[in-house]
Amino acid sequence: MSFGTHARRVRDERAAPARRHRALRCAVAEYGPLGFHATWAYLTATAVPAPDLRRDTAALLRAIGTLEASRAVRIEETAAFAARRRVEKAAGVRTPRGGDPLAPTWRPRWPGGPSRLGLVAAVANRRAAFLEVPHPDPSLLPDGLGHRLADLRGRLDACAADWLTALGRPDGPARDEPAGIAAGIHRHLTPGYGPLNVPLLQWLRFAELLDYAVKATAVPHTR
């Protein structure tokens, strides 16, 4: 079913709250700009449910409204990117410029201007999951790599802990640290399937989310 169908079910006042709650989860599965779990944590925090999202229908409506607003911005961005690429291709520019924020490549980002509270909740949720990821099997690692990976993991967790302690108010050089950590993790990934990729990809996803959150909360339009 489509995102729109799930959104209508969230708003269906005839449905039981549990069914509307499931519809919201389905909507997040269709459109989760931060990844499913981080997006769910973001919405749960910004909807301010009382006592919880499963039973608070007003909070469910706030959550789906927030998600729809972000999705509408993303649809506009996609249309603008497609229109610009048609012009560029006509002018002979066959390859999109690197680093274009509107390019349809997946990176964690909340279109439309994120909530600092939402990003704090998302990072806290994903940090808890990151800490549960097992360390790479030492038997898979060449000499010295284990120490380098342990350093990257420790730095990533320290950055996340500092940012969360500051409630999403980064300061100084810490703003650039997650990007460097993400690049360091990426260098150790191997093409195709590799056993080491399994934990490292999870580390990388968390590092990219933290990098986005740190930079997004440093701009004036965030709350």
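Contact means that heavy atoms lie within 4.5 Å. Helices (H or I, at least four residues) and strands (E, at least two) are DSSP runs, numbered from the N terminus. This is a predicted model, in which local features need pLDDT of at least 70 and side-chain atom pairs count only at pLDDT 80 or more, while totals for chains, interfaces and linings use all residues. Residues are numbered from 1 along each chain as its sequence is written, and side-chain values use heavy atoms, with hydrogens and water left out.

**View 1. The protein chain as a whole.** The protein chain has eight helices and zero strands. Its C-alpha atoms fill a box of roughly 60 × 55 × 35 Å, taken along the principal axes. Of the 223 residues, 41% are buried (under 20% relative accessible area; exposed is over 50% and partly exposed in between, with a 1.4 Å probe and protein chains only). Among contacts with a separation of 6 or more, 71% join residues 24 or more positions apart.

**View 2. Helix 7 against helix 8.** Two packed helices are described by the angle between their axes and the distance between the axes. Helix 7 (residues 177-187) and helix 8 (residues 197-216) pack at about 160°, with axes 8 Å apart. Helix 7 is therefore roughly antiparallel to helix 8. Axes are lines fitted to C-alpha atoms, for helices over the stretch in contact, and angles run from 0 to 180 degrees between N-to-C directions; under 35 degrees counts as roughly parallel, over 145 as roughly antiparallel, 65 to 115 as roughly perpendicular and the rest as oblique.

**View 3. Residues between helix 7 and helix 8.** From helix 7, Pro-178, Ala-179, Ala-182, Ile-185 and His-186 meet residues of helix 8 that include Leu-200, Trp-203, Leu-204 and Asp-211.

**View 4. Leu-24 in helix 2.** Leu-24 belongs to helix 2 (residues 17-30). With 0% relative accessibility, Leu-24 is buried. Beyond its neighbours within four places in sequence, Leu-24 contacts Val-10, Trp-40, Leu-53, Leu-60, Ala-63 and Ile-64. Between the C-alpha atoms of Leu-24 and Thr-165, 141 residues apart along the chain, the separation is 30 Å.

**View 5. Arg-8 in helix 1.** Arg-8 sits in helix 1 (residues 3-10) and is exposed, at 56% relative accessible area. The C-alpha atoms of Arg-8 and Ala-27, 19 residues apart along the chain, are 9.9 Å apart.

**View 6. Cys-26 and Cys-159.** Cys-26 is partly exposed at 35% relative accessibility, whereas Cys-159 is buried at 15%. The structure holds zero disulfides (pairs of cysteine sulfur atoms within 2.5 Å).
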